[in-house]
Amino acid sequence: VTLENRSGEIVRIFRQILDERFRSIANGNSVSLQAGDMAHEMNLSADHLSKTIKQETGKSLSSWIDERLIAEAQSLLLRTDLSIKDIAYRLTFGEPT
């Protein structure tokens, strides 16, 4: 297995985990979107995961997560009657102040 193949596999698995976590959120479950938790699930350090994602995709790990959060929030606003407060809470932004 070449380093390039390994890096591509890391990106593929990360995207799969991100998809699974957002499906879980959509089902009303609370899950972590922290890089360290996802890296742990992949048996990697958070630093290695972050560097690999950035090198392979040109986007930071936090950008991947933030963009997905925004897309999910937009989708929920358009297709549900949930309040902004409920959407924020569902998407793990925490309790509004």
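A nonpolar core is here a set of buried Ala, Val, Leu, Ile, Met, Phe, Trp, Tyr and Cys residues joined through side-chain atoms within 4.5 Å. Buried means under 20% relative accessible area, exposed over 50%, and partly exposed in between, with a 1.4 Å probe and protein chains only. The structure is a predicted model, in which local features need pLDDT of at least 70 and side-chain atom pairs count only at pLDDT 80 or more, while totals for chains, interfaces and linings use all residues. Residues are numbered from 1 along each chain as its sequence is written, and side-chain values use heavy atoms, with hydrogens and water left out.

The protein chain has five helices and zero strands, and its elements run α-α-α-α-α from the N terminus on. Helices (H or I, at least four residues) and strands (E, at least two) are DSSP runs, numbered from the N terminus. Taken along the principal axes, the box filled by the C-alpha atoms of the protein chain is roughly 50 × 20 × 20 Å. The protein chain has 97 residues, of which 28% count as buried. Contact means heavy atoms within 4.5 Å; among the contacts in the protein chain with a separation of 6 or more, 48% join residues 24 or more positions apart.

The largest nonpolar core contains 22 residues, and Phe14, Leu49 and Leu91 have the most contacts inside it. At least two residues of this core come from each of α1 (3-26), α2 (35-41), α3 (46-57) and α4 (61-79). The largest share, seven residues, is supplied by α1. In soluble globular proteins, nonpolar side chains tend to be buried together.

Apart from neighbours within four places in sequence, Phe14 is in contact with Met38, Met42, Leu49, Ile53, Leu61 and Trp64. A search of the whole structure finds one aromatic pair, where rings of Phe, Tyr and Trp (its six-membered ring) pair if their centres lie within 6.5 Å, and planes under 30 degrees apart count as stacked, over 60 as edge-to-face and the rest as tilted. The pair is formed by Phe14 and Trp64, edge-to-face, at 6.3 Å centre to centre and with 85° between the planes. Because Phe14 lies in helix α1 and Trp64 in helix α4, the pair ties together parts that are 50 residues apart in sequence. Phe14 and Trp64 are both buried. The ring of Trp64 also has the charged end of Lys59 over it, 4.1 Å from the ring centre; the criterion is NZ of Lys or CZ of Arg within 6 Å of the ring centre and within 35 degrees of the ring normal.

Ser7 is in helix α1 and counts as buried at 10% relative accessibility. Not counting residues up to four places away in sequence, Ser7 touches Thr52 and Glu56. Arg21, also placed in helix α1, counts as buried at 13% relative accessibility. With residues up to four places away in sequence left out, Arg21 touches Val31, Ser32, Leu33, Asp37, Met38 and Glu41.The loop between α2 and α3 holds Asn43. Asn43 has a positive phi of about 60° although it is not a glycine. Most residues other than glycine have a negative phi, and most peptide bonds are trans. Asn43 is exposed, with a relative accessible area of 70%.

Helix α3 has twelve residues and reaches 16 Å from its first C-alpha to its last, close to the 16 Å expected at 1.5 Å a residue; the expected span is 1.5 Å times one less than the number of residues. Leu49, Thr52 and Ile53 are the buried residues of α3. Seen down the axis of α3, these residues fall within an arc of 100°, so they line one face of the helix. The arc is that of the directions from the helix axis to the C-beta atoms. Just after α3, Gly58 takes a positive phi of about 80°.

Helix α4 has 19 residues, which should span 27 Å at 1.5 Å a residue, and its end C-alpha atoms are 27 Å apart, in agreement. Its buried residues include Leu61, Trp64, Ile65, Leu69, Glu72, Ala73 and Leu76. The buried residues of α4 fall within an arc of 160° seen down its axis, so they line one face of the helix. The exposed residues Ile70 and Leu78 are on the face of α4 turned away from its buried side. Leu77, also found in helix α4, is partly exposed, with a relative accessible area of 46%. Leaving aside neighbours within four places in sequence, Leu77 is in contact with Ile84 and Ile87. Leu77 and Ile87 are ten residues apart in sequence and 7.7 Å apart in space, C-alpha to C-alpha.
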